[in-house]
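I opened this entry to keep track of what I looked up, region by region.

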Amino acid sequence: MTHSTHRRRALAGGSALVVALTTAGLAIGPSAAGYGEAVIEPVETDLAGKDWVAASATSNDADAGQALDGDEGTAWRPAASTSGTTHGKPGQALTIDLGGAYDGLHKVEVILADATPERYVVEASADGKRWKTLADHAAGRSGAAGTTALVDREGTRYLRVRFLAARPGTGVAEVHAYNYLRDDLKLGADLSYADQERDQPYYLDAESALAGAPDPGPHLLDVVKDRGMEHLRLRIWNDPRDETTGVETDPAYQGPERSLTVAREIVDHDMSLGIDFHYADSWADPSKQPKPRAWAELPFDELTREVHDFTADYLTQLAEQGTTPAKVAVGNEVINGFLYGSEAEIIGTTAPPYFTDEADVYQSQPGGGLLWDYWRSADPAEQELYTQQWDRFGTLMASGIRAVREASPESEVEVHAIVDTGRLDKTMEFWTQLLTRLEAAGAAPDVLALSYYPEWHGSPEALEHNLHTIAEAFPQYALDVAETAYPAESWPPGDPTPLPNSTFPVTVQGQADAIQRVFQVANDVPGNRVQGVLVWEPANWQPMFTWVETGQGWFPEANASLDVFHDSDARAVLEDSVHVVTEVGDDARLPRAVDVLSPSDGTVDDAPVVWQDVPDDATAAPDTFTVDGTTEYGPVTATVHVLPDR
């Protein structure tokens with residue numbers, strides 16, 4: 001990111017998780033929505049609409065996709081019997097391949113093409129061989145028009161609707177597969193500015209802020225922990241310097257020594273720790289990757305050794321104080337390489353100012369910058385230089401990765417890049433070139449990470465496409481969204497126009513929705529491949545806090561959007577759609593209760609329903625109508641199919 005002047009649990013319609021915090025003897029009660037308003041519902045995705053989800057069938061396979069087209073007027077129908085009977089072939093089935101395993105798949109809805117009673121079962125499988133029954137309508141007395149099944153299983157990849165017998169008109173109109181946030185999807189932030197914020201009191205909500213209490217107020221880490229963050233990342237600068245002048249800063253914020261203290265505070269707050277080595281004295285990002293001053297004039301072999309030793313030494317210090325990081329990023333947004341040296345003249349970089357002002361120092365020896373201008377050059381000399389710089393970058397990266405493996409073997413290793421708008425081809429070349437070298441050197445990472453800011457990296461749909469493409473091309477690696485953000489207020493204030501490539505207004509609600517959309521995209525990548533999503537510096541960059549004036553001065557309090565970290569999870573999944581079949585003149589018998597699943601422990605309970613009144617003449621003629629109901633967990637809809645009197 002460029003510099004600029006357990007567990008989340010929520011019940012749909014329910015209250016936020018209460019977290020008791022104690023800071024220097026200060027007890028803090030449950031949080032409440034802060035500045036602005038935001039309605040945050042749990043994430044729910046119908047995977048049936050995704051490009052990577054496919055359908056197949058034992059007969060009439062060409063029509064199988066009609067069960068995923070979003071149109072209940074079309075259907076897959078099994079082939080008719082060839083035995084001369086009016087029934088179809090027994091044992092026919094429609095199978096849905098979700099494209100990969102899902103741990104958060106908790107609800108499946110099947111809508112049949114005809115409301116005539118059928119004998120069928122709905123099943124789920126991880127491998128397409130061993131199946132678990134989700135809904136059993138083998139007796140043919142229920143589920144005549146469709147069924148909604150709640151799913152308590154991990155690793156679901158395949159769904160199947162299998163007919164034990166099939167009447168004329170039998171078929172599947174639609175299958176809906178609903179995905180919810182996985183319990184192990186880590187949500188958090190890069191909160192490196194917590195170094196500067198150590199003595200700044202924060203407020204959980206507007207009421208406490210305006211009342212001027214508590215005093216001195218909770219720490220920033222207390223607030224983000226209360227709101228549901230689980231993992232915090234810290235950037236590490238070698239010897240912090242002013243980005244313009246190159247003069248060492250005092251205090252040395254985000255330097256190795258000070259960051260040890262912040263790391264202890266994060267672990268003490270029971271959050272996992274991430275470390276992001278910039279290998280620079282100031283900001284490193286796609287537009288600039290300066291060497292640290294201490295390494296600037298080293299020959300390449302010595303530079304490679306310093307990357308290893310600095311990485312290993314710092315990780316050893318973290319381990320010795322009991323703060324071994326869960327994840328270590330070797331470099332930051334390194335799509336253009338890192339540790340620029342003499343190749344910077346070809347790259348044409350002009351930042352940071354001290355790097356170009358003192359070119360005789362910083363550009364005196366080769367480094368790990370990539371020469372993208374030569375990528376597709378037909379000039380053999382330019383191609384040779386292109387390959388040479390890839391070799392240097394790969395050598396430096398491998399040195400850092402080996403240091404992590406040696407000094408902190410419990411930590412996962414991450415390589416962090418970007419996909420600029422419309423430039424997925426460049427990023428795929430990046431991963432192909434780099435991973436080929438790292439795998440050959442026995443220094444492959446564990447996680448491939450991207451930053452995502454819509455103004456630079458495209459729409460959420462572009463992010464989804466990019467993640468899916470990378471996941472398919474490199475199946476041996478996990479993925480991360482290492483940085484994202486969205487503003488709650490424009491500057492100057494008052495203009496809610498969405499950012500480029502986004503549909504979300506620049507408001508507190510828009511901020512919550514935009515960030516939750518990234519959570520959703522990450523969670524929906526098949527195979528549970530994305531490990532987590534981090535918001536970049538939510539107390540400073542496009543902040544999720546607002547400064548309010550209190551009786552004791554101006555203090556930051558949390559936006560309501562910060563609740564997105566714990567309110568995006570579903571604590572309960574409701575059987576919110578039921579299908580009822582009756583005949584002309586008969587009553588519509590609506591269920592007194594529906595099922596509700598608790599994903600945290602897999603228990604299924606009854607949820608009593610209060611239904612709206614059904615008009616007296618609702619079943620006077622063949623028809624289909626709906627009835628709305630309410631439960632303590634949310635609304636329910638009954639679809640009533642009125643059949644002719646038999």
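**Ser598 and its surroundings**

I began with Ser598, which, leaving aside neighbours within four places in sequence, is in contact with Arg571 and Thr603. The model is predicted. I placed Ser598 in strand β26, residues 593–598. Its relative accessible area is 15%, so Ser598 counts as buried, the limit being under 20%. I also found a polar contact from the side chain of Ser598 to the side chain of Ser600, at 3.1 Å.

**Helices α3 and α4**

Next I looked at how α3 (residues 256–268) packs on α4 (residues 300–320). The angle is about 35°, and the axes are 10 Å apart. I noted the crossing of α3 and α4 as right-handed. On the α3 side I listed Pro256, Ser259, Leu260 and Ala263; on the α4 side, Phe310, Tyr314, Gln317 and Leu318. I sorted the residues of this contact into six nonpolar, two polar and no charged.

I then followed Ser259, which sits in helix α3. Is Ser259 buried or exposed? Ser259 is buried, because its relative accessibility of 4% falls under 20%. Not counting residues up to four places away in sequence, Ser259 touches Leu234, Arg235, Ile236, Gln254 and Tyr314.

**Tyr486 and its loop**

I moved on to Tyr486, in the loop between β20 (478–484) and α12 (508–524). Tyr486 is buried, with a relative accessible area of 2%. Beyond four places in sequence, I found Tyr486 touching a list of residues that includes Pro454, Pro498, Leu499, Phe504, Ala514, Ile515 and Gln542. Which backbone atom of Leu499 does the side chain of Tyr486 reach? I noted the backbone nitrogen, at 3.1 Å. The side chain of Tyr486 also reaches the backbone oxygen of Phe504, at 2.4 Å. I checked one distance across the chain as well: the C-alpha atoms of Tyr486 and Ala280, 206 residues apart in sequence, are separated by 26 Å.

I logged two other residues in the loop between β20 and α12. Pro492 is found there, and a cis peptide bond with omega about 0° joins Trp491 to Pro492. Asn501 is partly exposed, at 37% relative accessibility.

**Other backbone entries**

I recorded a cis peptide bond from Asp250 to Pro251, with omega near 5°. Pro251 lies in the loop between β13 (231–236) and α3. Tyr279 has a positive phi of about 50°, although it is not a glycine. I placed Tyr279 in the loop between β14 (272–277) and α4. Tyr279 counts as buried, at 0% relative accessibility. I flagged these entries because most residues other than glycine have a negative phi, and most peptide bonds are trans.

**Nonpolar cores**

Last, I looked up the cores. The largest nonpolar core has 101 residues, and Met397 and Phe430 have the most contacts inside it. Helix α8 (residues 380–407) gives the largest share of this core, eight residues. I listed the contacts of Met397 beyond four places in sequence: Val330, Val334, Phe338, Val415, Leu434 and Leu438. Apart from this core lies another, of 30 residues, with Trp76, Ile96, Val108 and Phe163 among them.

Conventions:
Residues numbered from 1 in each chain as written. Predicted model: local features only at pLDDT ≥ 70, side-chain atom pairs only at ≥ 80, totals over all residues. Heavy atoms only, no water. Axes fitted to C-alpha atoms, helices over the stretch in contact; angles between N-to-C directions. Helix = DSSP H or I, 4+ residues; strand = E, 2+ residues; numbered from the N terminus. Left-handed = near helix turned anticlockwise from the far one by under 90°. Contact = heavy atoms within 4.5 Å. Nonpolar A, V, L, I, M, F, W, Y, C, P; charged D, E, K, R; others polar. Buried < 20%, exposed > 50% of the residue type's maximum accessible area, 1.4 Å probe, protein only. Polar contact = N/O pair within 3.5 Å; in protein donor to acceptor, adjacent residues only side chain to side chain. Core = buried A, V, L, I, M, F, W, Y, C linked by side-chain atoms within 4.5 Å.
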